[in-house]
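Visitor: I would like to learn how to read the features of a structure such as this one. Could you take me through it, beginning with the general idea each time?

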Amino acid sequence: MALFPLALWPLLLACWTRPPESLALVRGGNRCEGLLQVQSLGQQGLVCGDHWGLGEASVICRQLGCGRALYVPTYVVWPQEAQQSLLQGVQCQGVEASLWDCSLGKWGSLNGCKCECIGAVHCSGRTGLASLGLRGGGSPCAGTPVIRITEGPVISCGLHQKEASVFCRRLGCGPALQASRPHLTGHPGWLGSKVISCQGTESSIFNCRFNLNFLDHCDLPTDSEVVCAGHTEARLVGGEHPCAGRLEVRRGLTWDTVCHADLDLATAHVVCRELQCGAAASTPEGARFGRGSGPAWTEAFRCAGNESLLFHCPRARGSQCGPGRDAGLRCTGEKFRLVNGSSSCEGRVELQVQGSWAPLCATHWDIADATVLCHQLNCGSAVAAPRGGHFGDGDAAIWPDAFHCGGTEPYLWNCPVSTLGVPACAPGNSASAVCSGGCNQGCGGGG
């Protein structure tokens, strides 16, 4: 074997004895997202992220073969990490081929340094679990914030104004009109502390600072919803129940009345579906439910009819709406059923409205109405339409609508509908039906 020149021995010895260098993203949903962990200069640990940005993240994603950098969240150090060593002072320009070409700083424990946050990176190379949205607010642009960054806990805390603004912009919902005004339960010294802290200029909430030490102390019942400028939802007011009334539409924080000329049947069906009130039964005009006191909605919705929310409908220029031309709407309720009989094809008539079942009033209920319902439930024809709570009264309040069917309509909501006055219905006077079909015919389909 040939001998190496003596001058090369120090260099070869240094290569053989130098500790290996490596990096990885850990505690994420995949290898392209998570906290940055490095092995360098003979030590291994996480990296301080106090002064991190997309420059450092771009180098890391490129080195790992994970595409471009998407987000650079930082996490306030957890107490269990306090005794561990962190690599501090990492700084990159963003053009380096690898992290080892950047300025790496030095190793140190939290007890001996001023590091506050651990750095994390999310790259584009693999689809991770990062997601965010607003839940329970009537549209994708209002509600309680829900954030998921990795396979870790879901963050469902309120947001202050700066954080809400970043959140709304990331959703494409415009600026935040209302923040959650959250507060944390627990130690009095936590007043003003935040689970999420942003400067307000970030392109995404994922680029903000997270303090998961406070995550278990969110007091959601006291948090109001976040409302973005793009929020749109509907309500019915002035009616005798939540599924009938004057149509009003909320834009951001303001409720506006809708002109009757701008409410077509497809839009009416979408409103009823959004309110969990079934389908549209009628659209009374002439301010049947009173005149609105707020501003008039200036746009017309052009719904196809299959949208789940009014928010998703296209819009066009609205009509000029004169006094007394406010739109009214009656919805049908969601489903019908027969209960408390010997089979699902006979019993007390109930309809489901906004998720709850209520008995129907029998004041104008007759054999023609019962025939339509029996056909609708695949239970044959009506044999009888007993009144006076023949199959019991039930626990819920009696629904005041009255159907006026001819007997040939395919569904009850194809019949003319009116609402009883006051009193709406005598106690115990619930409608009933006895159909010719039995359960062996597959009846009781739920409407």
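Guide: What follows goes through disulfides, sheets, alternating side chains and a few single residues. This is a predicted model, in which local features need pLDDT of at least 70 and side-chain atom pairs count only at pLDDT 80 or more, while totals for chains, interfaces and linings use all residues. Residues are numbered from 1 along each chain as its sequence is written, and side-chain values use heavy atoms, with hydrogens and water left out.

Visitor: How many disulfides does the model contain by the rule used here?

Guide: A disulfide is a covalent bond between the sulfur atoms of two cysteines. Here the working rule is a pair of cysteine sulfur atoms within 2.5 Å, and by this rule the count comes to 13 disulfides. One of them joins cysteine 141 to cysteine 173, with an S to S distance of 2.0 Å, and with -75° about the S-S bond this link is left-handed. Cysteine 141 lies in the loop between strand E9 (131-136) and strand E10 (142-148), and cysteine 173 in the loop between helix H3 (161-170) and strand E11 (176-178), so the pair ties together parts that are 32 residues apart in sequence. The helices (H or I, at least four residues) and strands (E, at least two) are DSSP runs, numbered from the N terminus.

Visitor: Are cysteine 141 and cysteine 173 buried or exposed?

Guide: Buried means under 20% relative accessible area and exposed over 50%, with partly exposed in between (1.4 Å probe, protein chains only). Cysteine 141 is buried at 2% relative accessible area, and cysteine 173 is buried at 6%.

Visitor: Which elements are tied together by the disulfide of cysteine 168 and cysteine 228?

Guide: The sulfur atoms of cysteine 168 and cysteine 228 are 2.1 Å apart, and the torsion about their S-S bond is about -75°, so this disulfide is left-handed. Cysteine 168 lies in helix H3 and cysteine 228 in strand E14 (residues 226-228), so the pair ties together parts that are 60 residues apart in sequence. Cysteine 168 and cysteine 228 are both buried.

Visitor: Where do cysteine 243 and cysteine 277 lie?

Guide: A disulfide joins cysteine 243 to cysteine 277, with 1.9 Å from S to S, and its torsion of about -70° makes it left-handed. Cysteine 243 lies in the loop between strand E15 (232-238) and strand E16 (244-251), whereas cysteine 277 lies in the loop between helix H4 (265-274) and strand E18 (280-282), so the pair ties together parts that are 34 residues apart in sequence. Cysteine 243 counts as buried at 0% relative accessibility, and cysteine 277 counts as buried at 0% as well.

Visitor: In what order do the strands of the open sheet with E9 and E11 run?

Guide: Strands of a sheet pair through backbone hydrogen bonds, either parallel or antiparallel. In this description two strands pair if DSSP finds at least two bridges between them. The 4 strands of this open sheet follow the order E9-E10-E14-E11, and the pairing is antiparallel. Its edge strands are E9 and E11, each of which pairs on one side only. E11 and E14 run antiparallel and are joined by 2 bridges, and alanine 176 stands opposite cysteine 228 in E14.

Visitor: Which way do the side chains of strand E21 point?

Guide: In a regular strand the side chains alternate between the two faces of the sheet. From strand E21 (residues 328-331), Gly328 and Arg330 point one way and Leu329 and Cys331 the other way, and all are buried. E21 pairs with E16 in the antiparallel sense over 3 bridges, and the bridge partner of alanine 244 in E21 is arginine 330. E18 and E21 also run antiparallel, joined by 2 bridges, and serine 282 stands opposite arginine 330 in E21.

Visitor: What is the nearest side chain of opposite charge to glutamate 56?

Guide: Lys and Arg count as positive and Asp and Glu as negative, while His and the chain ends are not counted. A salt bridge is a side-chain nitrogen of Lys or Arg within 4 Å of a carboxyl oxygen of Asp or Glu. Glutamate 56, placed in helix H2 (residues 54-63), is buried yet has no salt bridge, and the nearest side chain of opposite charge, arginine 62, is 11 Å away.
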